[in-house]
Amino acid sequence: MSKLTDLSAWQALETHYYDMAEVQLRELFVSDPQRGERLTAEGAGLYLDYSKHRVTDETLKLLLALAAEAGVEKKRDAMFAGEKINITEGRAVLHTALRAPRDAVINVDGKNVVPDVHEVLDRMGEFADQIRAGKWLGYTGKPIKNIVNIGIGGSDLGPVMAYEALKHYSQRDLTLRFVSNVDGTDIAEKTRDLDPAETLFIVSSKTFTTQETMTNARTARQWLLSALKDDAAVARHFVAVSTNATEVQKFGIDTANMFGFWDWVGGRYSMDSAIGLSVMIAVGPDNYRELLAGFHDMDEHFRTAPADKNLPMLMGLIGIWYNNFFGAESVAVLPYDQYLAYFPAYLQQLDMESNGKHITLEGQTVDYQTGPIIWGQPGTNGQHAFYQLIHQGTKLIPCDFIGFCQTLNVLPPHHDLLMANVFAQTEALAFGKTYEQVIADGVDPKIAPHRVFDGNRPTSTILADRLTPRTLGALIALYEHKVFVQGAIWDINSFDQWGVELGKVLASKIAPELDSKAEPDLKHDSSTNTLIRRYRARRG
Ligand code: F6P
């Protein structure tokens, strides 16, 4: 493939940027009264309004040409077909197979993986049903009431996000907790009020070697055994989700109580594999299947919808427009639904671990920006925290507003007020308030400049009817594929994560130095050596 910045569409976009840099959304809406109806797209139950972006038909034409020249659709098809597009690890990238219907055929190395996916899903379903019905008994004969998922990164963020998102559908007499941090405070606080005899730990780790997870799992085992006093209790109180049966066995978990997945599922793309076991226990197998169906709806939309009506394609391309031509460095994701409180945190790993890369597939250093910084929190709380900067600061921050037409908790007037804020914010960000309007309100001219809103601050609005398991699946898959589109254009490998390795290696080297009784032979830089010495002297 030619270098991205040499592509004719890229160069045309560079020129076009100069025509667009000063164009105001106010003008774009005045010159096209239908803009708000026209620049919208729908798929898998999600409605996307992208009219409040600094784009014209010409911009969209050029962005779509860029996608074509960069071969996004070809790369997409290669992913869906199970080609080994994760070239640094020699792996296929097939999270889409995790939600494929039972009769689908998806081959990896000549083997159809779909039957294996459904075999695991069926086993998860049986297990979840037993827990939910109080039939899975702990070692002392008490039914399990508390489920603690131990995992980190993709083995935590997806489950905790989806559990919180689908709490409305959860079985309320079960307590779900998620332990991730190696900070002992996490597991101490999450277990302190639980009865070990009623608690099940799900140790979720693709590799089953991750320091944080294995440390927490060992602490959990001690916590359990100090109460139940018999190693045989582990079998009733621990299950594993992993691709690594050998390590699961070594830890002492019976592989009969292990739910597997495969190396073609990346950690941050694994929440709909067995990694979602805790979510399935909470909401039940039927709701979980609905979640998977929502993912699949969006997969099909992404695979088949024409590029100019394709939600992930449009969101990915518009993101590139700001990231690479306007120099925007971040994207705020602002869900107007309390149940989606963890969605921005989940997206941080999905997007930043995928596209935080600077080497192309051919091994060259990029000469353009790649993945943006993703951040956000639920509205309306964010409005009273950081929106000031989005409205009047010096940085351009494209925002995704996410809202639902129906609430799951009908308490008038809450939902109308919540949604009024979505519409008000996107309107204010786009159109602002001019100096003349401020003066016309009778504001002192000395103060007036402070009260001017320039507007022209771009937003997408994603609307769905209701937060259901199916809608959630579609929403997550929308972002998975948006990330894919951008990675495909930047020509990077969105599916490895070598950047987290060095820190892990150094931490395991430093850990014994902290604990060493003898003065260790510290071979770090002078800053690290001094910090380690000070810590050792004062750690007690
Ligand atoms: O943060 C690095 C990472 O490898 C993630 O990609 C992954 O989701 C996480 O660690 C946890 O890994 P595992 O599931 O193997 O414990």
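**Aromatic pairs and a sheet in a predicted model**

Tutor: In this predicted model, helix H9 (residues 211–228) lies across E5, E6, strand E7 (199–204) and strand E8 (238–242), and runs at about 160 degrees to E7.

Student: What makes E6 and E9 the edge strands?

Tutor: The open sheet has the order E6-E5-E7-E8-E9, with parallel pairing. Strand E6 (175–179) and strand E9 (258–260) each pair on one side only. Strand E5 (residues 146–150) and E6 share five bridges; pairing needs at least two, so they count as paired.

Student: Why is the pair of Phe-201 and Phe-238 called stacked?

Tutor: Ring centres must lie within 6.5 Å, and planes under 30 degrees apart count as stacked. Here the centres are 5.1 Å apart and the planes stand at 25 degrees, so the pair is stacked. Phe-201 lies in strand E7 and Phe-238 in strand E8, so the pair ties together parts 37 residues apart in sequence.

Student: How do you know that Phe-201 is buried?

Tutor: Buried means under 20% relative accessible area. Phe-201 has 0%, so Phe-201 is buried. Phe-238, with 1%, is buried too.

Student: What makes the pair of Tyr-17 and Phe-326 edge-to-face?

Tutor: The planes must be over 60 degrees apart. For this pair they are 85 degrees apart, with 4.9 Å centre to centre. Tyr-17 lies in helix H1 (residues 8–20) and Phe-326 in helix H14 (residues 311–326), so the pair ties together parts that are 309 residues apart in sequence.

Student: Why does Arg-221 count as lying over the face of Phe-251?

Tutor: The distance limit is 6 Å from the ring centre, together with a limit on the angle. Arg-221 lies over the face at 4.3 Å from the ring centre.

Key. Residues are numbered from 1 along each chain as its sequence is written. This is a predicted model: local features need pLDDT of at least 70, side-chain atom pairs count only at pLDDT 80 or more; totals for chains, interfaces and linings use all residues. Side-chain values use heavy atoms; hydrogens and water are left out. Helices (H or I, at least four residues) and strands (E, at least two) are DSSP runs, numbered from the N terminus. Contact means heavy atoms within 4.5 Å. Axes are lines fitted to C-alpha atoms, for helices over the stretch in contact, and angles run from 0 to 180 degrees between N-to-C directions. Rings of Phe, Tyr and Trp (its six-membered ring) pair if their centres lie within 6.5 Å; planes under 30 degrees apart count as stacked, over 60 as edge-to-face and the rest as tilted. Buried means under 20% relative accessible area, exposed over 50%, partly exposed in between (1.4 Å probe, protein chains only). A charge sits over a ring if NZ of Lys or CZ of Arg is within 6 Å of the ring centre and within 35 degrees of the ring normal.
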